[in-house]
Amino acid sequence: MGTALMTSAMVAVCLFTPGDHGIVLLRLSTLLTVSFKLDGLGRVFAGLVAFLWPLASLYGLEYMRHEGGENHFFGFYLISYAVTLSIAFSEDLMSLYVFYELLSLSTLPLVMHGMKAKNVHAGRTYTYYCLGGAALAFLSLVTVIHYGGSSNFTPSGIAGLAAAPQGVVLTMFVLGFFGFGVKAAIFPLHRWLPDAGVAPTPVTALLHAVAVVKAGVFAVTRLTYSCYGAELLRGTWAQTLCLCVALFSILFGSSMAVKEQHMKRRLAYSTMSNLSYILFGVLLMTPQGLTAGLTHMLYHGLMKIVLFCCVGAIMIYTERSDIRQMRGLGRVMPFTTALFLVCAVALVGIPPLIGFGSKWALATAGVASGNWLGVAGAAVLLISAVLTAIYVLVPAVSAYALPLTGETPKPNCDPGWMIKTALCVVVAAVVILSFASQPLTSYLAQVAAGIC
C-alpha cells in the first residue's frame, strides 16, 4: 500500500509540473529505443491509473483475506501498476508495444490466482487472445518504423507515412486496430473478458476499469492520432470498417449483458460495450470526438470500478453471484447497494451524473462529424442506454423494491472500513465531477486539439 501511494504521489508530481520528463531506458539501435516522454494524452491515462490503483489496492487488502495468497497476489499487482504506468509514459510505439506485452505477462498470474481449473482456463484464453493480438500489432509497428523512419509519437501523425503506399498503410492500421483492440475487447475478440471474471475482484475491477482494457483503448488512440494521423485515415475505408466494428461491439456487448445472469460476467459485457463508446469517439477522428472519447474513458473508469467492487463485496459477504439474488439486498447491505445504485444511475446516463455528460458529448460529436456513421452512432448510443438501464439499473432498484430471495443473510453484511473508504473516495469523485467537470473537460479539449 505504501509503495502504491508513493508511486502515485511521484506520478502526480510529473503530471502537475511542466516538461515532458523524458528519459531513454534502453537504446537497441538508432531506430529502436525504449523511452519515456510525457505528453497530454499520456497525462490523461496516467492520471486515471495513479488515482484508482491505490484505492483498488486498499480494497484488495480486505478482499484478499477471503482469497488467500496475498504476497503472491500483491507482488504481481504492483508489477502490473508499474507496467501500466509505463504504457502511459511511453515516448514511441516501440516502447508502448514492449510494455503492452509485459502487461499481458504481469496480469496473467492475477487472472490465474488460486490455480483452480476455471482460473487456469481463463488464463489460457486470455493468453491466446493477447498473443494473437500482439502479432497483429507487431505488423503495424513494423510498418510504422519502415515507412515512417521512426515510431516516435508525433502530433498529427508521423509524416513519412503519408508518402507510403496507401493500401499497405491502411491495411496495417486496421491490423493494428484489431491487434491492440484485443485488450479493448472489440467484437469478435472479446471472449477473454467475461472469462477473466473468475479472477479475484481487485483484479477484475482493474482489468475492466483501468489497466488492461484502457491500455487497449489508449494504444488504439496512440496508433490513430500519434502514428498514422487522423488526416491520413479520415474518410478512408479503414475508418469506416473500424467504426462499424466499434458500433457493432456497443450493441453486442449491451445485448449480451442483458442476457447474462452472473454479476461479474454481466459487468464484463457492459465493459465491452463502453470501451467501444470510447473507440467510437476516437475513430470519429475529430477534436470533438476525441475529447468525448477521453471524457468517457475517465468517467467509465470511475463508475465501473465502483460497480465491480460492490459486486465483489456482495459475492464474498453474502456468497451470492446471480444478478437475480440482488433482490432485497438493500436491507442487509445498505452501504454497498447505495453506492451501486449511484454508479448504476451514472452508467445509464441519467443527468446530472457523469455518464450523461460523456454520452451526450459522444452523441453530439457523432452528429457534428459529418460522417453518416457518426449519426448512426448517436442512435446506437441511445439504444445502448436503454439496454444499460435494463442490465444494471433494474438490479440496483430491485435491491430496494423487492423482498430478499433465498437464504436470509446476516442482518449487516456490509464490508469493513478499507473497502468502504476506497469506494467512498471514488464515488465522491463521481459526484464532484457531475457538478464541476468544466476544468477537466476543458483540459481534455486542449489535449485533443493538440494532437488532431
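Predicted model: local features only at pLDDT ≥ 70, side-chain atom pairs only at ≥ 80, totals over all residues.

Me: Where does Ser8 sit, and what makes it buried?

Reply: Ser8 lies in helix H1 (residues 2-15). Its relative accessible area is 11%, and buried means under 20%, so Ser8 gets that label.

Me: Why is the pair Phe73 and Phe74 called edge-to-face?

Reply: Ring centres have to lie within 6.5 Å to pair, and planes over 60 degrees apart count as edge-to-face. For Phe73 and Phe74 the centres are 5.1 Å apart and the planes are at 90 degrees, so the pair is edge-to-face.

Me: And what makes Phe73 and Tyr77 stacked?

Reply: Here the centres of Phe73 and Tyr77 are 5.0 Å apart with planes at 25 degrees. Stacked needs planes under 30 degrees apart, so that pair counts as stacked. Phe73 and Tyr77 are 4 residues apart in helix H3 (residues 70-89), which means about one helical turn separates them.

Me: How do you know whether Phe73, Tyr77 and Phe74 are buried or exposed?

Reply: Set each value against the 20% limit for buried. Phe73 has 0% relative accessibility, so it is buried. Tyr77 is at 2%, so it is buried too. Phe74 has 18%, and that still counts as buried.

Me: Which residues do the ring pairs link into a cluster?

Reply: Trp53, Phe73, Phe74, Tyr77 and Tyr81 are joined that way. Across the whole structure, the search turns up 18 aromatic pairs.

Me: Why is H2 called roughly antiparallel to H9?

Reply: Helix H2 (residues 40-63) and helix H9 (residues 212-228) pack at about 175 degrees, with axes 11 Å apart. Angles over 145 count as roughly antiparallel, so H2 and H9 get that name. On the H2 side, Leu41, Gly42, Phe45 and Leu48 make the contact; H9 brings Lys214, Ala215, Phe218, Thr221 and Arg222. Sorted by class, the contact has 5 nonpolar, 2 polar and 2 charged residues.

Me: What about the largest nonpolar core: which residues have the most contacts inside it?

Reply: Phe180 and Ile305 do, in a core of 171 residues. Helix H13 (residues 287-318) supplies the largest share of this core, 18 residues. Not counting residues up to four places away in sequence, Ile305 touches Leu52, Ala56, Ala205, Leu206, Ala209, Val210 and Val426.

Note on methods. Residues numbered from 1 in each chain as written. Heavy atoms only, no water. Axes fitted to C-alpha atoms, helices over the stretch in contact; angles between N-to-C directions. Helix = DSSP H or I, 4+ residues; strand = E, 2+ residues; numbered from the N terminus. Parallel < 35°, antiparallel > 145°, perpendicular 65-115°, else oblique. Contact = heavy atoms within 4.5 Å. Nonpolar A, V, L, I, M, F, W, Y, C, P; charged D, E, K, R; others polar. Core = buried A, V, L, I, M, F, W, Y, C linked by side-chain atoms within 4.5 Å. Buried < 20%, exposed > 50% of the residue type's maximum accessible area, 1.4 Å probe, protein only. Phe/Tyr/Trp six-rings, centres within 6.5 Å; stacked < 30°, edge-to-face > 60°.
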